Amino acid sequence: MTQFAQAETTDSRGPEQPRDPRFRVMAVSGGLALVLTAAAVLLPSPYVLEAPGPTFNTIGEVDGDPLIQIDGAETFTPDGELDLTTVFVRGGPNGQVNVLDTIRAWADPDEDVLPEQLVYPEGTTSSELQEQNAVAMTSSQESAIAAALSHEDIDYTEELSVVGLGPDSAAEGLLQEGDVLRSIDGGEIDAIDTLREALNDGGGAAVELTVVRDGTPREVSVVPKESDEGDYQLGVLLASTFDFPFDVTIQLDDVGGPSAGTMFALGIIDTLTEGDLTGGRHFAGTGTIDSGGSVGPIGGIAQKLIGARAGGAEFFLAPTENCDEVIGNIPEGLTVVSVATLDEAVEAVRTLGEGGDAAELASC
């Protein structure tokens, strides 16, 4: 009988060794680090991110309707483009961004990252911001209409009322919220320019104001103070109420703030006048405007320059007071002209539209 012996099997790995306890600690620590890192980049960030937004042609259409509609006056259909520019803002009352969003924005040369407290007053809510932007847009449109009509020598009426006092106001204790300004030194106040001219002509001497308070006229004497720019001011915040000879409707949803005023005014002028102010060319721009035609500075100019060029603009109208921010941020292929008044903006568009030399115009 044949017998088979069972072969002995040996384990070449040798006896099992106990696992190093440091491995478990390192694994747990690494996992915890990954969780904490992921949580950190997703945490809210106290910053506001600004990126180029869309552009809108003020002498074109939005959703098939004219952006600017005028009823009660002869109008013309202009050619070319007069784009208002926008900035897409994230963070703050618009909804907090996280650390990862902020890092991405820092790495993107087209975006700006700003501390939230420098952009919005502490405690500002989303609803408050929306209301402020809506009010600013409405005021901007009314001022643009007034400025455009003044440029075209079309009469309208403007009533100025006090809505607040500035810091260290010359009118402290003399004027109050709700006062309606009727006259200065016997001359009717029919526009903000009338008030400004009278104050500056007086050279700082006391002015006699007639105001209506609670329905009753009264006389008030105020000694204006000189501003850093050399103008004489009452130190009051004013609101304008207009009565125009025809209806101007500006149809633009989901865009707020006052920075489109200058481009609205240019669009109204081009619509009211025969021919093409632009000469068929592509302009973009920005800037607040008051009823007297003064162009004021805005925020996000670098992003607006980028958005304008991305939208195909050849020329950009920038407020003179924004020139420091324009320098070094002009995209290739975009020519920037600085403007301080609506008259300068109209002249710049007309000159360039006719093929004039941009070098002859003011620039940043």
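Asp 214 lies in the loop between β12 (207-213) and β13 (216-222), where strands (E, at least two residues) and helices (H or I, at least four) are DSSP runs numbered from the N terminus. This is a predicted model, in which local features need pLDDT of at least 70 and side-chain atom pairs count only at pLDDT 80 or more, while totals for chains, interfaces and linings use all residues. Residues are numbered from 1 along each chain as its sequence is written, and side-chain values use heavy atoms, with hydrogens and water left out.

Most residues other than glycine have a negative phi. Asp 214, although not a glycine, has a positive phi of about 55 degrees. With a relative accessibility of 78%, Asp 214 counts as exposed; the cut-offs, for a 1.4 Å probe and protein chains only, are over 50% relative accessible area for exposed, under 20% for buried, and partly exposed in between. Asp 63 is another non-glycine residue with a positive phi of about 55 degrees. Asp 63 sits in the loop between β3 (61-62) and β4 (65-66) and, at 79% relative accessibility, counts as exposed.

Turning to the strands, an open sheet of six has the order β8-β2-β6-β18-β21-β22, with mixed pairing; two strands pair if DSSP finds at least two bridges between them. The edges are taken by β8 (112-115) and β22 (335-339), each with a single partner strand, so one side of each is left without a neighbour in the sheet. On average, neighbouring strands of this sheet are turned by 35 degrees against each other, direction ignored. Strand β2 (residues 47-57) and β8 run antiparallel and are joined by four bridges; Glu 50 has Asp 112 in β8 as its bridge partner.

Two helices lie across strands of this sheet. Helix α2 lies across β2, β6 (81-90) and β8, at about 60 degrees to β2. Helix α7 (residues 301-310) lies across β2, β6, β8, β18 (282-285), β21 (315-319) and β22, and runs at about 40 degrees to β2. Contact here means heavy atoms within 4.5 Å, and the angles, on a scale from 0 to 180 degrees, are taken between N-to-C directions of axes fitted to C-alpha atoms, for helices over the stretch in contact.

Within α2 (residues 99-107), Asp 101, Thr 102 and Ala 105 are buried. Viewed down the helix axis, the buried residues of α2 fall within an arc of 100 degrees, so they line one face of the helix; the arc is that of the directions from the axis to the C-beta atoms. Arg 104, Trp 106 and Ala 107 are exposed on the face of α2 turned away from its buried side. At the N-terminal end, α2 is capped by Asn 98, with a side-chain oxygen 3.1 Å from the backbone nitrogen of Leu 100.

Strand β5 (residues 68-71) has Ile 68 and Ile 70 on a covered face, and Gln 69 and Asp 71 on an uncovered one. Four bridges join β5 to β17 (residues 247-250), and the two strands run antiparallel. Opposite Ile 70 stands Val 248 in β17.

Finally, Tyr 156, Phe 242 and Phe 244 form one aromatic cluster. Rings of Phe, Tyr and Trp (its six-membered ring) pair if their centres lie within 6.5 Å, and planes under 30 degrees apart count as stacked, over 60 as edge-to-face and the rest as tilted. By this rule there are five aromatic pairs. One of them, Phe 242 with Phe 244, is stacked, at 5.2 Å centre to centre and 15 degrees between the planes. Phe 242 counts as buried, with 17% relative accessibility.

Terms used:
Polar contact = N/O pair within 3.5 Å; in protein donor to acceptor, adjacent residues only side chain to side chain.
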